[in-house]
Amino acid sequence: MANPEEPKSTSPAENNMYSVWALPPDDVAPRLKRLMQCLRDDFSGPEFEPHITVVGAISLTPEDALSKFKSASRGLKTYDAKVDRVATGGTLFYQCVFLLINPTPQVVETSAHCCGHFGFNSSTPYFPHLSLLYADLTEEEKKKAQEKANSLDESIGSLSFPVTRLALYKTDTGDKTLKSWEKIAECTLEAN
């Protein structure tokens, strides 16, 4: 059974924005962080933990967010995430340069399961990705950042890793410095 840890901190019962993230394993995260740091060195942008968004930002009270996270985590099984390629986004700050994750049934179903528990309804289909850089760049700069990512880590476009943990993060999407973002809870998924 999934085992959520208790939250690090609690806030007053006001609504905040929360997201659920799939976290890469400890043996993969340093590789991603190095690549992300190299891109920030050249193109700027805030520092953030590598993750695949499972549930996008939704406004909830701290208690409701934690309760929904625990409920959503129960019974979820580990799954594999496979990178298709390094890609660039349209005009979104939070989808500037990213690893496009293959939308396998397990990837999509995990998001749908969690979104159902959170009551999160998106107007667009689920777009699994692992951002490498958050920034407002021109199309030309994005292309340069994409090329740099591929040259710094030539096999990053075929990376595959198991997702064994989900985390609940407080994510004020209006804070582009990300200084207010914090991990609230984490759970380990059941082994297959």
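View 1. The model shown is predicted. Six of the six residues of strand 7 are buried, so the strand is largely enclosed by the rest of the structure. The strand spans residues 165–170.

**View 2. The pairing partners of strand 7.** Strand 1, residues 16–23, runs antiparallel to strand 7, and six bridges join the two. Within this pairing, Tyr18 stands opposite Lys170. Strand 8, residues 182–188, also pairs with strand 7 in the antiparallel sense, over six bridges. There, Glu186 of strand 8 is the bridge partner of Ala167.

View 3. Arg165 is found in strand 7. Is this residue, Arg165, buried or exposed? Arg165 has a relative accessible area of 18%, and the limit for buried is under 20%, so Arg165 counts as buried. The side chain of Arg165 makes a polar contact of 3.2 Å with the side chain of Glu186. Leaving out residues up to four places away in sequence, Arg165 touches Trp21, Ala22, Leu23, Pro24, Pro25 and Asp26, and also Glu186, Cys187, Thr188 and Leu189.

View 4. The whole structure holds five aromatic pairs. In one of them, Phe48 and Tyr134 are stacked, with 3.8 Å from centre to centre and 10° between the planes. The pair links distant parts of the chain, 86 residues apart. Phe48 sits in the loop between helix 1 (29–43) and strand 2 (52–60), whereas Tyr134 sits in the loop between strand 5 (129–133) and helix 4 (139–152). Phe48 counts as buried because its relative accessibility is 7%. Tyr134 is buried too, with a relative accessible area of 4%. Both residues belong to one aromatic cluster, formed by Trp21, Phe48, Tyr134, Tyr169 and Trp181.

**View 5. The nonpolar core around Leu132.** How many residues are in the largest nonpolar core? The core has 55 residues, and those with the most contacts inside it are Phe118, Leu132, Leu133, Leu166 and Leu168.

**View 6. Lys148 in helix 4.** Lys148 lies in helix 4. Lys148 is partly exposed, because its relative accessible area is 24%. Not counting residues up to four places away in sequence, Lys148 touches Cys38, Leu39, Asp42 and Phe43. The C-alpha atoms of Lys148 and Leu35 are separated by 9.3 Å, although the two residues are 113 apart along the chain.

**View 7. The whole chain, for orientation.** The protein has four helices and eight strands. From the N terminus on, these elements run β-α-β-α-β-β-α-β-α-β-β-β. Of the 192 residues, 46% are buried. The protein exposes about 9400 Å², and carbon and sulfur atoms supply 50% of that area. Among contacts between residues at least 6 apart in sequence, 81% join residues at least 24 apart.

Key:
Residues numbered from 1 in each chain as written. Predicted model: local features only at pLDDT ≥ 70, side-chain atom pairs only at ≥ 80, totals over all residues. Heavy atoms only, no water. Buried < 20%, exposed > 50% of the residue type's maximum accessible area, 1.4 Å probe, protein only. Polar contact = N/O pair within 3.5 Å; in protein donor to acceptor, adjacent residues only side chain to side chain. Contact = heavy atoms within 4.5 Å. Core = buried A, V, L, I, M, F, W, Y, C linked by side-chain atoms within 4.5 Å. Areas by Shrake-Rupley, 256 points an atom, 1.4 Å probe, with all protein chains shown as cover. Phe/Tyr/Trp six-rings, centres within 6.5 Å; stacked < 30°, edge-to-face > 60°. Pairing = 2+ DSSP bridges.
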